[in-house]
Amino acid sequence: MVSNTGKTLCPDAFKPVNLPEAVRVEENPAGEPAVVWLGKRQMVKSLEDRWRLDDEWWRSQAISRMYYAIVCQTGQRVTVFKDLLQGDWWRQGTG
Amino acid sequence: MRILCILLPNFPLRCEMLTGPAVVTYSQGSQKLVLDFSPGLSGLQRDMPVQEALARCGEAVLVQGDLSRYWSVFHEILDALEQRSPLVEGADLGLAYLGVEGLQLLYPTDDLLIKAVREVVPERFSARLGLAEGKFPAYLAALRSPPHGHLILKGDLKSFLNDLPCEVLPVSLKSKRKLRDFGLRTLKQVSALPAGPLMAQFGPEGSLIRDLARGLDDTPLYPRFLEENIEESRLLSSVTVSLEALLVTWQSLLVRAFLAFAHKGLGIRSMTLWTRTWNGLDWEQKVKFKEPAMNPESALGRLKSVVENFPQPGPVEQLGLRITGLGHQCGKQKSLFDEVRAREHLLEDIKQLELRLGSPQVFKIKEVEPWSRIPERRYALMPLSR
């Protein structure tokens, strides 16, 4: 395993973009998102896409996520993922 | 196109009111050339060097011509001619062309037209008039008409042109001499030649010579472009060679001239500076401005460089300026690097803001790992000033 060197380039200078935001999601029995809280409770109308991301398994904090591209009842499109290691839900843009 | 030629023979001489044998000269650079000469003097030609003219006619009185005065007299005549036809071209000193197409309603016959034109030309210039199709035939008709008379050419010009000498052709003195050297004396001889050899000898002028000799001239009439001319001049209290004194006088003339048009938002586009020395020598320079000079100071800057580069021929006793072109302030050429400078200014402002607030305030998106599968690793925000 390669440990994090802790070396960063000017920590005050760079700011991350598109960090995941925690979101409240209610799952259906299959473990897929059924209801998403985006300011208010919204039913998931359909699942457009899904993909799994496993990365940085060689680091102390590995990444394992299950992404869902969903369409809400209101027509809003959102991408959310479930952290498979921690079990919590996050919202993130994927562009 | 039917054209009426108004020929005022020996115009400079008549302006000078000279009676005896005289040669009027003008200066071109350092050379003095013949502008006009009394009809009695043989062997002289216009634009001939004065030394050559004196060698042929030593008894003639030499008169330094005042071109600006001659032109101003001639322009007065052209102004008067414009009362008869709107199409008036002042081709040369003492030579004017009038477009008469469409004047039949005003002047049903040619004689009435000629009478009307003659009324506006002063008697002392003994104008000769020629009416024909095209400029050159009209000029020849005027040339062949008797003093105070007129000649109207109609139909076939061949018999009229055949006997005329080559000297009547409006071509350079060099070409006229060359024609004489080739033994070509009359227009008939020239018109009989094929175009090729003429062009081989005379270049583009060869084709013109042949056409003119055949009475063909499709040169359009160039009516005068009317522009407001503003003229200011001053007679100095004492002759001077001092450049500073001349410039101060020109500055005062410029200030006076600007009063006439500055309030209309106009500036000087072109002007002519002139001086006259105590011994009668003329100095004249045309000054053109890339952008109209909107005030006397900016005009004076350009004027100064001209005066310094073209020295006066002697001590000056009179000077003036003639503003020949006015124009509105035109769009300015912007710097090609304007955007670069704007960016530099912006960065400077951002740095100031950082210094004041203690941390970066404006960021730009920078690619970090654009290939990464993890969305938050692909881009980062970086301070704009770094």
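Student: What order do the seven strands of the open sheet in chain A take?
Tutor: In this predicted model, the order across that sheet of chain A is 2-8-7-6-5-4-3, and its pairing is antiparallel.

Student: Which strands stand at the edges there?
Tutor: Strand 2 (21-22) and strand 3 (24-27) of chain A do. Each has a single partner strand, so one side of each is left without a neighbour in the sheet.

Student: How many bridges join strand 4 of chain A to strand 5 of chain A?
Tutor: Four bridges join strand 4 (residues 33-38) to strand 5 (residues 40-55) of chain A, and the two run antiparallel. As one example of a facing pair, Val35(A) stands opposite Met43(A) in strand 5 of chain A.

Student: And what about helices in chain A, how many are there?
Tutor: Chain A has zero helices and eight strands. Along the sequence its pattern reads β-β-β-β-β-β-β-β.

Student: How many of the residues of chain A count as buried?
Tutor: Of its 95 residues, 12% count as buried. Among the contacts in chain A with a separation of 6 or more, 39% are between residues 24 or more positions apart.

Student: Now chain B. How many helices and strands does chain B have?
Tutor: Chain B has 14 helices and 14 strands. It holds 386 residues, of which 27% count as buried. Residues 24 or more positions apart make up 58% of its contacts with a separation of 6 or more.

Student: What is the order of the open sheet of five strands in chain B?
Tutor: The order is 5-6-1-7-8, with mixed pairing. Strand 5 (88-92) and strand 8 (150-152) of chain B are at the edges with a single partner strand each, so one side of each is left without a neighbour in the sheet. On average, neighbouring strands of this sheet are turned by 20 degrees against each other, direction ignored.

Student: In which sense do strand 7 and strand 8 of chain B pair?
Tutor: Strand 7 (residues 128-133) and strand 8 of chain B pair in the parallel sense, over three bridges. Within this pair, Gly130(B) stands opposite Leu151(B) in strand 8 of chain B.

Student: Which strands does helix 5 of chain B touch?
Tutor: Helix 5 (residues 135-144) packs on the sheet and touches strand 1, strand 6, strand 7 and strand 8 of chain B. Its direction makes about 145 degrees with that of strand 7 of chain B. Helix 4 (residues 110-120) of chain B lies across strand 1 (2-7), strand 6 (95-99), strand 7 and strand 8, and runs at about 140 degrees to strand 7 of chain B.

Student: Changing topic: which residues of helix 11 of chain B are buried?
Tutor: Leu246(B), Thr249(B), Trp250(B), Leu253(B), Leu254(B), Ala257(B) and Phe258(B) are buried in that helix. What covers them includes strand 9 (230-240), helix 12 (296-309) and strand 12 (316-328) of chain B.

Student: What span should helix 11 of chain B have?
Tutor: Helix 11 (residues 243-261) has 19 residues and, at 1.5 Å a residue, should span 27 Å. Its end C-alpha atoms are 27 Å apart, which agrees.

Student: How many residues lie between strand 10 and strand 11 in their hairpin in chain B?
Tutor: There are four residues between them, and Gly280(B) in the turn has a positive phi of about 85 degrees. Strand 10 (residues 266-277) and strand 11 (residues 282-293) of chain B pair in the antiparallel sense over eight bridges. Trp283(B) in strand 11 is the bridge partner of Thr275(B).

Student: Where do the chains meet, and how many residues of chain B are in contact with chain A?
Tutor: In the contact between the chains, 13 residues of chain B touch 14 residues of chain A. On the chain B side, strand 13 (363-367), helix 14 (375-378) and strand 14 (379-383) each supply at least two residues. Strand 14 of chain B gives the largest share, five residues. That side divides into ten nonpolar, no polar and three charged residues.

Student: Which strand of chain A is joined to strand 14 of chain B?
Tutor: Strand 1 (residues 15-16) of chain A is joined to it by two bridges, and the two strands run antiparallel. Lys15(A) has Leu381(B) as its bridge partner.

Student: Finally, where in chain B is confidence lowest and where is it highest?
Tutor: Confidence is lowest in helix 13 (residues 338-357) of chain B, at a mean pLDDT of 81, and highest in strand 6 of chain B, at 92. Chain B averages a pLDDT of 86, with 96% of the residues scoring at least 70. For the complex, the predictor gives an ipTM of 0.82 and a pTM of 0.52.

Definitions and conventions:
Residues are numbered from 1 along each chain as its sequence is written. Chains are lettered from A and ligands numbered from 1 in the order in which they are written. This is a predicted model: local features need pLDDT of at least 70, side-chain atom pairs count only at pLDDT 80 or more; totals for chains, interfaces and linings use all residues. Two residues are in contact if their C-beta atoms, placed from the backbone, lie within 7 Å. Ala, Val, Leu, Ile, Met, Phe, Trp, Tyr, Cys and Pro count as nonpolar, Asp, Glu, Lys and Arg as charged, and the others, Gly among them, as polar. Two strands pair if DSSP finds at least two bridges between them. Axes are lines fitted to C-alpha atoms, for helices over the stretch in contact, and angles run from 0 to 180 degrees between N-to-C directions. pLDDT is the predictor's confidence in each residue, from 0 to 100. The expected span of a helix is 1.5 Å times one less than its number of residues. A residue is buried if 20 or more other C-beta atoms lie within 10 Å of its own, exposed if 12 or fewer, and partly exposed in between; C-beta atoms are placed from the backbone.
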